[in-house]
Structures are given as structure tokens and as C-alpha cells.
Amino acid sequence: MPRPRKRLAGAAKLDRKGLAGKRTKTKNPGEASTKVENSNPQKTSTSKNCGKNLSNYWLMKSEPESRLEKGVDVKFSIEDLKAQPKQTACWDGVRNYQARNFLRAMKLEEEALFYHSNCKEPGIAGLVKIVKEAYPDHTQFEKSNPYYDPSSKQDNPKWSMRSLILF
């Protein structure tokens with residue numbers, strides 16, 4: 001039975017390094033130029049102690065309402081994750097290169113926001129944790145799966161997936 005599709009939207013990631021800089025307009029309204037202010041949290045006095053407690057959060061997008069992809073319903077909601085054994089599921093079916101790279105960049109025990117998209121009430125539905133290193137997405141090799149990729153090879157798979165748990 002094919003797995004439901006889940007999408008990774010990218011990183012809603014709070015990084016310990018912070019932003020490299022922030023663009024602001026100059027005080028003279030006649031000038032069209034901008035300057036860059038340093039907004040690195042390690043270099044500001046008010047956030048010296050706070051910067052050590054920042055966590056990384058990824059944003060995992062999912063479509064909770066039914067949608068057919070090549071005749072298969074690819075919906076997957078937080079309720080579907082709750083119904084899985086041990087509330088753990090693999091995040092498969094990602095077919096976007098940037099999202100795939102984000103999946104590969106995730107580390108064990110990092111947290112992610114489970115986000116419902118493409119629905120009547122989009123938004124964060126829960127919090128999940130990464131519980132398995134990236135591994136090849138088996139759906140890329142299954143001809144009957146909506147996410148089959150004939151250009152992907154067993155010895156050099158294009159697509160990866162992760163396992164995550166609801167908490």
C-alpha cells in the first residue's frame with residue numbers, strides 16, 4: 001500500500017549564528033542607499049545569555065485533506081500520525097530538491113513543527129522529533145507509487161526520507 005505524501009517546506013530554523021545583518025534605510029530620506037546593521041545575537045549585549053538556549057526547529061508541511069495523486073489519496077494529518085504505531089512515521093514522497101536537502105541536513109533529536117497546508121485552516125498542528133537519520137525513500141523505486149521516479153537508481157538514490165515521532 002503506497003504511503004501518503006508529506007512535504008517538507010523548508011527550515012523555520014532558529015540558528016545559533018543568527019542573522020548576518022539587517023538592512024535599514026539611512027536617516028537621510030534623499031539617499032537611496034541602505035546600510036547593514038549587525039544583528040548577530042552573540043554580539044548584542046541583551047542576548048549574550050539567551051543565544052546559548054536557542055533550538056533548531058524545522059517546518060514539516062503536510063496536507064491533511066484528501067487529494068488524489070495518480071489515483072492514490074496522499075492526505076496525511078497530525079491525526080494520521082497519532083494513529084501510527086508508537087506515533088512514529090517515515091516522511092516520504094518528498095520530490096523537491098531543496099526540501100530533500102533540508103531533510104538530509106536534519107539531525108537526530110531535532111524538533112520540527114508539523115504544519116497543515118492546503119486546507120481550510122492551515123497552521124501548526126503539533127510538534128515532532130527526528131528519530132532516524134536520512135535514508136533512501138523506498139517510494140522512488142515502486143512503479144505503482146505516485147512518487148515513483150524512473151530516473152532514480154538503487155545504487156544512487158535521488159530521494160531521501162526521515163522518520164519522526166509525535167510528542
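**Aromatic pairs and burial in a predicted model**

Student: Is Trp58 buried or exposed, and what is its relative accessible area?
Tutor: Buried means under 20% relative accessible area, exposed over 50%, and partly exposed in between (1.4 Å probe, protein chains only). Trp58 falls in the buried class, because its relative accessible area is 2%.

Student: On what basis are such values computed?
Tutor: This is a predicted model, in which local features need pLDDT of at least 70 and side-chain atom pairs count only at pLDDT 80 or more, while totals for chains, interfaces and linings use all residues. Residues are numbered from 1 along each chain as its sequence is written, and side-chain values use heavy atoms, with hydrogens and water left out.

Student: How many aromatic pairs does the structure hold, and what is the geometry of Trp58 and Phe102?
Tutor: Rings of Phe, Tyr and Trp (its six-membered ring) pair if their centres lie within 6.5 Å; planes under 30 degrees apart count as stacked, over 60 as edge-to-face and the rest as tilted. The structure holds 5 aromatic pairs. The ring centres of Trp58 and Phe102 are 5.9 Å apart with their planes at 55 degrees, so this pair is tilted.

Student: Which elements does this pair link?
Tutor: The pair joins distant parts of the chain, with its residues 44 apart. Trp58 lies in strand S4 (residues 57-62) and Phe102 in helix H2.

Student: What angle separates the ring planes of Trp91 and Phe114?
Tutor: Trp91 and Phe114 form an edge-to-face pair, 5.6 Å centre to centre, with an angle between the planes of 90 degrees.
Trp91 belongs to strand S7 (residues 88-91) and Phe114 to strand S8 (residues 111-116). Trp91 counts as buried because its relative accessibility is 0%, and Phe114 likewise counts as buried at 0%. The angle asked for is 90 degrees.

Student: Which residues do ring pairs link into a cluster?
Tutor: Trp91 and Phe114 form an aromatic pair. The cluster linked by ring pairs consists of Phe76, Trp91 and Phe114.

Student: How many disulfides does the structure contain?
Tutor: A disulfide is a pair of cysteine sulfur atoms within 2.5 Å. Cys90 is buried at 7% relative accessible area, and Cys119 is buried at 18%. The number of disulfides found in the whole structure is 0.

Terms used
Helix = DSSP H or I, 4+ residues; strand = E, 2+ residues; numbered from the N terminus.
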